[in-house]
Amino acid sequence: MTDLTQTWTPLPALLDDLADAGFADFHHRLNAAGHPAIRQGHGCVFRFIHEEGSRLTDLSESSGLTKQAVGEVVADLEELGYVERAPDPDDGRAKLIKLTERGGEARQTALSIFAEIEREWAERFGSERIAAMREVLEEARAGEDEPRALPFRPPSTPRTPPA
């Protein structure tokens, strides 16, 4: 009998390996661009925060993480100078988490790096293939009927080893 673990890798595992490699490359470049303190776990804020700011509950819901977990990330990013808390103009009891000038610059840098990585993949594997991969992945993500499950790894567990 053939051991499938030696001859076949499930697609979700391949996607996880690609994500690991992509994020390792991304964080190396982000570090070189002057943002060495940003970790992958900070993505639950940078990825989902709105331009005008977001409530902690909205970040939690969008990321699929608990309010406590996102609150810890926000506190860390606040200490690092990437976000600040401001009064919510619609609810005096609530706070909005907003990117600081440094946070906005880091987010723009991150988006540029992601675009650069995707362009490099297109050069390496062919732009049509990367476009098709993106289309399939976006369709698969859009087809999810279930609420977003918690991530496999908590935000305090980095996917990439320290440099």
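Author: A term to begin with: buried means under 20% relative accessible area, exposed means over 50%, and partly exposed is in between (1.4 Å probe, protein chains only). This is a predicted model, where local features need pLDDT of at least 70, side-chain atom pairs count only at pLDDT 80 or more, and totals for chains, interfaces and linings use all residues. Residues are numbered from 1 along each chain as its sequence is written, and side-chain values use heavy atoms, with hydrogens and water left out.

Reader: How many salt bridges does a search of the whole structure find?

Author: The search finds 10. A salt bridge here is a side-chain nitrogen of Lys or Arg within 4 Å of a carboxyl oxygen of Asp or Glu.

Reader: Which side chain meets R29 in a salt bridge?

Author: That of E120, at 2.5 Å from N to O. R29 lies in helix α2 (residues 11-32) and E120 in helix α6 (residues 101-125), so the pair ties together parts that are 91 residues apart in sequence. Helices are DSSP runs (H or I, at least four residues), numbered from the N terminus.

Reader: And is E120 buried or partly exposed?

Author: E120 is partly exposed, at 33% relative accessible area, while R29 is buried, at 17%.

Reader: New topic. What does E118 pair with?

Author: E118 and R134 form a salt bridge of 2.6 Å, N to O. E118 is in helix α6 and R134 in helix α7 (residues 127-142), so this bridge links parts 16 residues apart in sequence.

Reader: Which residues do salt bridges with shared partners join into one network?

Author: D25, R29, E116 and E120.

Notes: Helices (H or I, at least four residues) and strands (E, at least two) are DSSP runs, numbered from the N terminus.
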